Amino acid sequence: MKIVSLNIDVDPLFCYYSIHGIKKEDVPARDPVIYASIPRFLEILERYSIKATFFITCGHLKKDDFSILKKIVEGGHEVANHSFSHNYKLSLMSASDIEGDLMENHKAIADNLEYECRGFRSPGYNSSREIIKSVRSAGYIYDSSSFPSFIYNIAKWVIIKKKKFSGKSSASIINSFRDSFASCKPAFIDNSITDRSNEGDFVELPITTLLPPLGIPLIGTSLTTFPKPLFKTMLYLSSLRNYVNVETHAIDLCEVSDSVLFMPVKNMQYDLKVSLDQKKRRITKTIEYYLKRGFVFKTLAEVAGLKLKKEI
Ligand SMILES: [Zn+2]
């Protein structure tokens with residue numbers, strides 16, 4: 001069985017302000033990313049009767065935001081933990097602060113959405129032994145923070161340096177360039193992350209990147225904005241794999257006209273300038289591509305469950 005997972009990181013506008021060094025006081029009371037994009041994602045998923053995994057970070061959300069997020073749970077999708085603070089430096093925090101942040105988010109999701117998370121993704125894909133240890137001790141069955149992409153890390157490094165040069169400080173960090181060369185397959189991991197074996201009680205589900213170790217990211221930004229021939233090549237290359245893990249962000253289905261609050265980041269987020277029509281079309285074409293080739297859509301928790309039973 002060939003399997004594909006579609007996941008959506010529901011990063012609120014605060015995250016983009018903080019990456020680009022825009023002051024926090026500019027952050028709105030209601031989050032335009034959530035209001036604009038979640039109904040669009042849910043409509044597409046429902047149209048194709050597929051279930052996805054939504055990674056939620058609660059630290060910057062207001063009560064009203066949860067009423068939209070509730071529709072994710074009502075739609076039968078998986079909700080997973082994306083940390084409370086969405087602090088890109090989570091991996092540098094102390095063990096007790098990491099655990100506190102993770103459990104605060106777990107509780108916020110349980111309280112507001114009546115949902116018990118079973119999986120985690122670290123902000124900015126920056127994982128560490130302490131993070132994995134905390135995720136495992138929370139009783140979770142998987143982590144999906146691994147993002148083996150050399151070109152992504154290089155691009156991130158350039159952005160951080162450019163910000164520094166222009167006097168702004170980015171909240172983003174490079175965890176380790178070694179992460180670029182991690183495995184692309186679902187694998188059992190222990191607390192040391194890299195120590196993989198043929199069995200275990202915890203699974204790492206890497207985000208799919210192509211042409212290792214270059215690692216062209218199979219993510220919403222590339223799928224919605226790359227030129228058509230490259231888009232098609234990426235889908236083709238990914239379809240040669242038995243498992244594909246497509247990561248998107250909620251902002252992938254937003255456009256500048258959705259809210260004036262996007263104005264401060266519009267010149268820094270190239271994808272915001274791409275028309276919503278094109279982005280919707282590319283996401284639906286991606287789904288159709290895998291369905292036509294016999295892939296079965298599964299949530300990350302479902303995939304982790306299959307791996308734990310050694311069925312994949
Ligand atoms: Zn995120």
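Strand 1 and strand 11 (residues 243-249) pair in the parallel sense over 7 bridges; strands, like helices, are DSSP runs numbered from the N terminus, with at least two residues (E) for a strand and at least four (H or I) for a helix. Two strands count as paired if DSSP finds at least two bridges between them. The model is predicted, so that local features need pLDDT of at least 70 and side-chain atom pairs count only at pLDDT 80 or more, while totals for chains, interfaces and linings use all residues. Residues are numbered from 1 along each chain as its sequence is written.

**Strand 1 and its partners**

- Strand 1 (residues 3-10) is largely enclosed by the rest of the structure, because 7 of its 8 residues are buried; buried denotes 20 or more other C-beta atoms within 10 Å of a residue's own, with C-beta atoms placed from the backbone.
- Strand 2 (residues 53-56) runs parallel to strand 1 and is joined to it by 4 bridges.
- Strand 12 (residues 296-297) is also parallel to strand 1, through 2 bridges.
- Aspartate 9 has histidine 249 as its bridge partner in strand 11 and stands opposite phenylalanine 55 in strand 2.
- Isoleucine 3 has valine 296 as its bridge partner in strand 12.

**Tyrosine 140**

- Tyrosine 140 lies in the loop between helix 5 (129-137) and strand 5 (142-143).
- Tyrosine 140 is buried, as 23 other C-beta atoms lie within 10 Å.
- Beyond its neighbours within four places in sequence, tyrosine 140 is in contact with Cys117, Arg118, Gly119, Phe120 and Val135; contact requires C-beta atoms, placed from the backbone, within 7 Å.
- Glutamate 116 is 24 residues from tyrosine 140 along the chain, and their C-alpha atoms are separated by 9.7 Å.

Conventions: Buried ≥ 20, exposed ≤ 12 C-beta atoms within 10 Å, placed from the backbone. Contact = placed C-beta atoms within 7 Å.
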